[in-house]
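Subject: Structure handover

Hello,

Here is the structure you asked about, with the sequence. My notes on what was found follow below it.

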Amino acid sequence: MKHTHGPWKWMKRGNGEVFLGTPDRGLLVVMDFVRAGMNGAQPRFAAWTGQDRGRMGGVMKKADDIYYLEDYPDARLIVAAPDLLEALVDLVKLIETDDLVPESVSYMKQAREALAKATGEVKV
């Protein structure tokens, strides 16, 4: 299965509940939280059938009900985020240092925008 396509954004429901979702495609929920008694909350992830989620909603499954969280592509992507960020930083530095690609190339602009978003240099 493929992960839910972005963009993703942290949002709040009217009752104050926070969730991660897609603001532009019918508000697909990627991850939200459910109360676990008096112990706070635990994450839930969307599960859907097929390879590509597209515009499909999905059934929300609590993390403790999921035997292998790695089977959920959105959970995998969240876990991989620090490694992806580090790799992107290193690649951009290498390309800039060796002057391998002109500044105007679209994927360099996209890489810099992604880094700015991930590091909080721009508000999302």
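**The largest pocket**

The largest pocket holds about 910 Å³ of space. Please keep in mind throughout that this is a predicted model. The lining of that pocket is made up of 22 residues. Those nearest the pocket centre are Trp8, Leu77, Ala81, Lys117 and Ala118.

Three elements each supply at least two lining residues: strand E1 (9–12), helix H1 (73–97) and helix H2 (106–119). Of the contributions to the lining, that of H1 is the most, at seven residues. Sorted by class, the lining of the largest pocket comprises 16 nonpolar residues, four polar ones and two charged ones.

**Overall layout**

The protein chain contains two helices and five strands. Read from the N terminus, the order of the elements is β-β-β-β-β-α-α. The protein chain has 124 residues, and 25% of them count as buried.

**Strand pairing**

Strand E2 (residues 18–21) and strand E3 (residues 29–35) run antiparallel and are joined by two bridges. In this pairing, leucine 20 has methionine 31 of E3 as its bridge partner.

E3 also pairs with strand E4 (residues 41–47), again in the antiparallel sense, and here there are five bridges. Within E4, arginine 44 is the residue that stands opposite aspartate 32.

**Aromatic rings**

How many aromatic pairs does the structure hold? There is one aromatic pair. The two rings belong to tryptophan 10 and phenylalanine 33, and the pair is stacked, with 6.4 Å centre to centre and 15° between the planes. The stacked label follows because planes under 30 degrees apart count as stacked. Tryptophan 10 sits in strand E1 and phenylalanine 33 in strand E3, so the pair, in the terms used here for strands, links distant parts of the chain, 23 residues apart.

**Two single residues**

Leucine 27 is placed in the loop between E2 and E3. With a relative accessible area of 44%, leucine 27 is partly exposed. From C-alpha to C-alpha, leucine 27 and lysine 9 are 9.8 Å apart in space, while in sequence they are 18 residues apart.

Methionine 108 belongs to helix H2. Is methionine 108 buried or exposed? Its relative accessibility is 2%, so methionine 108 counts as buried; the cut-off for that class is under 20%. The C-alpha atoms of methionine 108 and glutamate 96 are separated by 9.5 Å, and the two residues are 12 residues apart along the chain.

Regards

Conventions. Residues are numbered from 1 along each chain as its sequence is written. This is a predicted model: local features need pLDDT of at least 70, side-chain atom pairs count only at pLDDT 80 or more; totals for chains, interfaces and linings use all residues. Side-chain values use heavy atoms; hydrogens and water are left out. On a 1 Å grid over the protein atoms alone, a cavity is a set of points where a 1.4 Å probe fits but cannot get out, and a pocket is an open set with protein on both sides within 12 Å along at least five of seven lines; lining residues have an atom within 4 Å of a point. Grid points are joined across faces, edges and corners, and a volume is the space filled by probe spheres set on the points. Helices (H or I, at least four residues) and strands (E, at least two) are DSSP runs, numbered from the N terminus. Ala, Val, Leu, Ile, Met, Phe, Trp, Tyr, Cys and Pro count as nonpolar, Asp, Glu, Lys and Arg as charged, and the others, Gly among them, as polar. Two strands pair if DSSP finds at least two bridges between them. Rings of Phe, Tyr and Trp (its six-membered ring) pair if their centres lie within 6.5 Å; planes under 30 degrees apart count as stacked, over 60 as edge-to-face and the rest as tilted. Buried means under 20% relative accessible area, exposed over 50%, partly exposed in between (1.4 Å probe, protein chains only).
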